[in-house]
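I would ask everyone to keep the sequence and the structure in view while I go through a few selected regions.

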Amino acid sequence: MTESAPTLILTGGQVLTVDRDFTVAEGVAVRDRAIVAVGSDAEMRALAGPGTRVVELDGRTVLPGINDSHLHGAAYGMTKPPFALDVGHPAVGSIADITALVGGAVSAAPPGEWIVGLGWDAGYLTECLTAPGRFPHRRDLDAVAPDNPVCLTDFSAHMVWANTAALRVCGIDADTAAPDGGVIDTDPDGKPTGILREAAQRLVQSALPTPTVAQRRQAIEGVIRELHSRGITSYTEPGLGPGGTGTLFGGLSTDNWTAYADLAAAGDLQARVSVLLLPAPMGGSADDVRKGLAELRRPESADPRLLNVIGVKIFADGVPPNRTAWMNDPYPDGGHGALCVHGESPALQVEELREMIRIAHEAGFQLGVHVTGDRAIDTVVDAFVAADEAAPRPDARHYVIHGDFIGADSLTKLAAHGYGVNMNPGIKWTISDLMDEIVGPQRSAYQWPVRSAIDAGVRVCSSSDAPITEPDWRQGVASMMLRESKASGQRSGPEQCVDLASALRAYTVNAAWQDFADDWKGTIEPGKVADLCVLDRPLLHLDPHDISQVEVALTVFDGRVVHER
C-alpha cells in the first residue's frame, strides 16, 4: 500500500454525512484513524491502493458513529447478569414473574446475601393493571425472600422496591424520616410498604455491596461490545462522583473513574466517553456541591478524545411518572411535585439550586441538570442565565437533561444563550400512554417537545438514559418521527414530530456539540475521526415504522472495524 492510500473505503451506497447541508455522498475513505475523503463512488475507488480494504455497500447507508449523549455505562453494565436480575418489561409481565425470578436467585444464594435487580414498571405489571390501587409491596418479595435483603430499582431509577429483610438491615421502620427530596411510602398503619422514592432510595442503596474495580471494568467492556453492535461509538457517562450511591446505580468516582482510566491506559476503552461529575446527591445542597468539587477536582485523562471530564450533573427535581417533577399546574390527582434539593420551603430550595448552579458554573464546568417539570425547568434555565451574567463564560454549553415539559420562554432563553436540551424519545415511546392519566392528555401530548425546541433554535440531543431504556437509537429516531406509543401505537403530540435529518442530528453532530467535540467528530467529513455506522439497508425514504428493524452491519471506531455481522 502506498503511504497515502486509504486503509478502508466504504463505497457504493448512501453516505449521510450529517454535515451542515445534510449532504448525501456515495462513499467515504479512511486512513488510519481519520476520514480523508468523501465523495462519489468513482472518486473513492480511484483512491484505493493494493492494501486498501474496500467494503461494497450495495446501496446501504453509512452514518457517523452514533453518540448516545446520556447513558449510564457503568451502571448499565452492572444491571446485567451476572451482576443483577432483569425485572423489566418484556422480561417480566407481572409481580408473580418478578417474585419467581427473585425466588430463583434466593435459592442460589446464601442467607443474608443481597438480591438486586432493575427495570420494573408498574404500568406493565398485570396485578397493577387489573386491580385499582395495587402496587408492588414488600410482602410480595417477603414470600420468596424472607432472609435475603432484596433491592429492585424501577425502570426510571427514581424508585426502589425493597423487602422486609432489606428494610430491617437498613434500619427503616415506621419511625424513619425520609431525607430531603425523598419519600418513604407507608401503609395506613404507618409501616413502610417497601417503596422508597427519589432521595429515599439511598437509605437502601447505600447498603448494597460495592462492586470491585475489576467488576466495573468487566461491566463497561460488556456494555461497549453491545454498543458496537448498535453502531454507537460515543456516549456521555452522566454522573460519576460522591453524589452517586457508590454501588449499583451511581458510582464512587474513584472506582468508576479508575475502571474507565485503567481501560483507557491499557488501550481497551473502545468508545469515546464524556463524563459528568456528580458532586452532590439527590436532595443535596450548595455545600455538597462545593465539597464534592473540591474532593473530585477534574481527573486527568491520557487521551481526552477517548475519556474526558467535561461537566457537572445536578439533580433539580424528580420524574413525572412518580409525580415528583415540579409542575406549575397540579397533577390531576393533586400535588405539584417539588424540587429535590436541600431546603425547608420551595423558596429556599430555589435559592439553594441557584447557588449549586452558580458554584459549578464559576468553577468552569459545563452543567447538565436533571430537570423534568415545567416550573423546575424555568428555575434551572433562569439560574443558568443568572450565573452566566454574574460570571460570564464564552460557550459554556450548559444543558437541560430530560426537559420533559420545557416551555416556550425557557426554550427562547436556552437558544439566546447557546444552551441545549437532552431529550429521551425512547422513554416517550415507552410511557406516553401512561402519562395521559398522570399529567392529563394535553400535557402528556406535549411531553418532550422536540419540534418546538428545534424551531426555537435550541440544539436538541437525544439519548437513551440507559439503563432506563435500551440504548437503541433506531427506536429513538423512529419515535421522534412518529410520536407513537409502545403499548398501543397511539400518537402523542404529532405536532412535535421531526424529519429524519433532525432526528439523526440529535444522535450525531448535536451530541458532539454537547461534548465540545463537534470540530472533530459527529459528521462524515475529511479530517473528522473515523467513527462510522453502516446499516443493512438504505435509510433515506424508509418508512419510519421500519427504522427500528434496521440492523447495524458494520461499526468502525477510530478507523478500525469493531463490529461486523
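**Strands, helices and salt bridges**

Val 400 has Val 421 of strand E18 as its bridge partner. Please bear in mind throughout that this is a predicted model.

Let us stay with this region for a moment. Strand E17, residues 399-402, runs parallel to E18, and three bridges join the two. Between them comes a helix: E17, helix H13 (residues 408-417) and E18 together make a right-handed β-α-β unit. E18 also pairs with strand E19, residues 459-462, in the parallel sense, over four bridges. There, Gly 420 stands opposite Arg 459 of E19.

Are the two faces of E18 covered or open? In a regular strand, side chains alternate between the two faces of the sheet. In E18, residues 420-423, both faces are covered: Gly 420 and Asn 422 are buried on one side, and Val 421 and Met 423 are buried on the other.

I now turn to another sheet. Six strands form an open sheet of mixed pairing, in the order E7-E8-E9-E10-E12-E11. Its edge strands are E7 (85-86) and E11 (182-186), each of which pairs on one side only. E11 pairs with strand E12, residues 192-198, in the antiparallel sense over four bridges. Within this pairing, Val 183 has Arg 197 in E12 as its bridge partner.

In helix H10, residues 286-296, the buried residues include Ala 286, Val 289, Gly 292, Leu 293 and Leu 296. These residues lie on the same side of H10 because they cover an arc of only 125 degrees around the axis. On the other side of H10, Asp 287, Lys 291 and Ala 294 are exposed. After H10 comes Arg 297, with a positive phi near 50 degrees.

Ala 503 is found in helix H18, residues 500-506. Ala 503 has a relative accessibility of 0%, and therefore counts as buried. Leaving aside residues up to four places away in sequence, Ala 503 touches Val 477, Met 480 and Val 498. Ser 479 is 24 residues from Ala 503 in sequence, yet their C-alpha atoms are 9.2 Å apart in space.

Finally, I come to the salt bridges, of which the count is 29. One of them joins the side chains of Asp 41 and Arg 45, at 3.0 Å from N to O. Both residues belong to helix H1 (residues 41-47) and are four residues apart, about one turn of the helix. Asp 41 is partly exposed, because its relative accessibility is 22%; Arg 45 is partly exposed as well, because its value is 36%.

Which parts of the chain does the pair of Arg 139 and Asp 187 tie together? Their closest N and O atoms are 3.9 Å apart, in a salt bridge. Arg 139 lies in helix H5 (residues 138-142) and Asp 187 in the loop between E11 and E12, so the pair ties together parts 48 residues apart in sequence. Asp 187 counts as buried because its relative accessibility is 18%.

Definitions and conventions. Residues numbered from 1 in each chain as written. Predicted model: local features only at pLDDT ≥ 70, side-chain atom pairs only at ≥ 80, totals over all residues. Heavy atoms only, no water. Buried < 20%, exposed > 50% of the residue type's maximum accessible area, 1.4 Å probe, protein only. Contact = heavy atoms within 4.5 Å. Pairing = 2+ DSSP bridges. Right-handed = clockwise from strand over helix to strand, strands pointing away. Arc of directions from axis to C-beta. Salt bridge = Lys/Arg side-chain N within 4 Å of Asp/Glu carboxyl O.
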